Amino acid sequence: MTGTEGIQIYVACHKPTCVLDNRLLVPVQVGAALTDIRYDGMRQDNEGEHISEKNPQYCELTAQYWAWKNTDCEYYGFFHYRRYLSFAEIYPVEADGKMNNGKNRCPYIELDDIREDLTAYKLDEDWMEEQIRQYDLLTVLRERINTTVYRQYCQYHSQNYLDLVLEILKKKYPEYGAAADAYMNSKEIYYMNMYIMKKPLFFQYMSWLFDILTEFEEEYEAGGQSLEPRMMGYLAERLFGVFYLYQRTNGVKCAEAPYLKFYCTELEPGKTPAENVRVFRLKPSRIQIKIDMRKLNRLFPAGSRRRILLRSIFLR
C-alpha cells in the first residue's frame, strides 16, 4: 500500500486516452492482467492484490477493488475515461432525498471533445477539493425514469440475476432490506458506478459490495453457468443505489452532481467524435431500431417528462 494521499479520483481506462491534467486524477488501466500492453502514464489494476482478470464481467469495479486493496487516501473517487463529474453545480441531499434545484436537471452534459474549454464545469483542482471535502459521499445526479429501478433492470437483463443478488443482500445484511425495497421500487436511478467517498465509508462500501458479489458469483457458477460480459458491473450499479440510500438515510452527508460525457478522448486531437448509436427492441414486439442517442438526448433530455413518456411507449 502506498503512502497516504489526500483526494484521489481514479479514472478507469481500457485504452490509451486523454486524461485531464489535474493532480486529483489518477488514470488506471483496467483489465491489465489480460494483456501485455501497458499505457503510458497510467497505473495498472493488476498491481498488488487484484481481480484484474475479471474486468470483462466486473468492468470499472476492477479499478475500485485495486484502489481499495493497494492505495491509501482520505477520499476515494472513480470516474470513467469519458465521464467526469461536473463541479459547477453540486446539490446537497437531505436524509429524505430532498435537494434544492437539482431534481429536474438533466443528469449529464454531452461534449464533443475532452479538450474543449471546460471552465464552465469548474474542474480546477482547488475548487474540486473544496467541494469534495464538504461531503462524505458525492455521486452522479439521479435520473428520473418511467418505471421502477427493478423493472428497468429487467427490461435489459435477466430478472434472475437481480433476484439472486437481492436475496443474498437481505440474507447477509438484513438492515439494508428496507433500503433495497425502497430503491428497487423507486423511479429515480443512479447509473455509472461513479462516486467520491471518504475513506471509512469507501472501505465499508467495498467490503459490503464484494461480499455480496462474491457470493453471487459462487452461487451462479455453481449452477454450471458462466458470467455474462459486464454482468457484475450492472448489478453493482443497482447495489450502489441501495448502499447510497441506506447511508443517506442514516446521516451520511451526501450530494449529487451532473456528469460530463465526452465523445472524443483520443490521444490525437482532431479525431471525429465517436458515434453513440444504440439498438432497441420495441416491446412487446421483436422489432429492433437503431437510434442516434446524441440526437435523441437533444430532443428528449434524460430525466425529462418527454424522455419518460418516450420510454413508457417503447420500453414497457
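A: In this predicted model, Asp-40 is located in the loop that runs between β2 (25-29) and β3 (43-44). Asp-40 has a relative accessible area of 77%, and therefore it is classed as exposed. Along the chain, Asp-40 and Pro-16 stand 24 residues apart, while a distance of 7.8 Å separates their C-alpha atoms.

Of the contacts between residues at least 6 apart in sequence, 72% link residues at least 24 apart. The accessible surface amounts to about 14600 Å², and carbon and sulfur atoms account for 48% of that area.

Helix α2 comprises residues 61-70, and it is mostly covered, with 9 of its 10 residues buried. The buried residues of α2 are Leu-61, Thr-62, Ala-63, Gln-64, Tyr-65, Trp-66, Ala-67, Trp-68 and Asn-70. In the loop that leads from α1 (55-58) to α2 lies Cys-59. The relative accessibility of Cys-59 is 14%, so this residue counts as buried. Cys-59 is not a glycine, yet its phi is positive, at about 55°.

One partner of α2 is helix α7, which spans residues 199-222. The two helices pack at an angle of about 125°, and their axes lie 11 Å apart. At that angle, α2 is oblique to α7. The crossing in which α2 passes α7 is left-handed. From α2, the residues in this contact are Leu-61, Gln-64, Tyr-65 and Trp-68. From α7, they are Phe-202, Phe-203, Tyr-205, Met-206, Ser-207, Leu-209, Phe-210 and Leu-213. By class, the contact of α2 with α7 consists of 10 nonpolar and 2 polar residues, with no charged residue. In general, an α-helix has 3.6 residues a turn, so residues three or four places apart point the same way.

Helix α7 also packs against helix α8, residues 231-249, at an angle of about 135° and with the axes 11 Å apart. That angle makes α7 oblique to α8. Here α7 passes α8 in a right-handed crossing. On the α7 side, the contact involves Leu-201, Gln-204, Tyr-205, Trp-208, Leu-209, Ile-212, Leu-213, Phe-216, Glu-217 and Tyr-220. On the α8 side, it involves Met-231, Met-232, Leu-235, Ala-236, Leu-239, Phe-240, Val-242, Phe-243 and Gln-247. The residues of the contact of α7 with α8 divide into 16 nonpolar, 2 polar and 1 charged.

Between α7 and α8, the loop contains Arg-230. The relative accessibility of Arg-230 is 49%, and so it counts as partly exposed. Arg-230, a residue other than glycine, has a positive phi near 70°.

Note on methods:
Residues are numbered from 1 along each chain as its sequence is written. This is a predicted model: local features need pLDDT of at least 70, side-chain atom pairs count only at pLDDT 80 or more; totals for chains, interfaces and linings use all residues. Side-chain values use heavy atoms; hydrogens and water are left out. Axes are lines fitted to C-alpha atoms, for helices over the stretch in contact, and angles run from 0 to 180 degrees between N-to-C directions. Helices (H or I, at least four residues) and strands (E, at least two) are DSSP runs, numbered from the N terminus. Angles under 35 degrees count as roughly parallel, over 145 as roughly antiparallel, 65 to 115 as roughly perpendicular and the rest as oblique. A crossing is left-handed if the near helix is turned anticlockwise from the far one by less than a right angle, and right-handed if clockwise. Contact means heavy atoms within 4.5 Å. Ala, Val, Leu, Ile, Met, Phe, Trp, Tyr, Cys and Pro count as nonpolar, Asp, Glu, Lys and Arg as charged, and the others, Gly among them, as polar. Accessible areas come from the Shrake-Rupley method with a 1.4 Å probe; for residues, only the protein chains shown count as cover. Buried means under 20% relative accessible area, exposed over 50%, partly exposed in between (1.4 Å probe, protein chains only).
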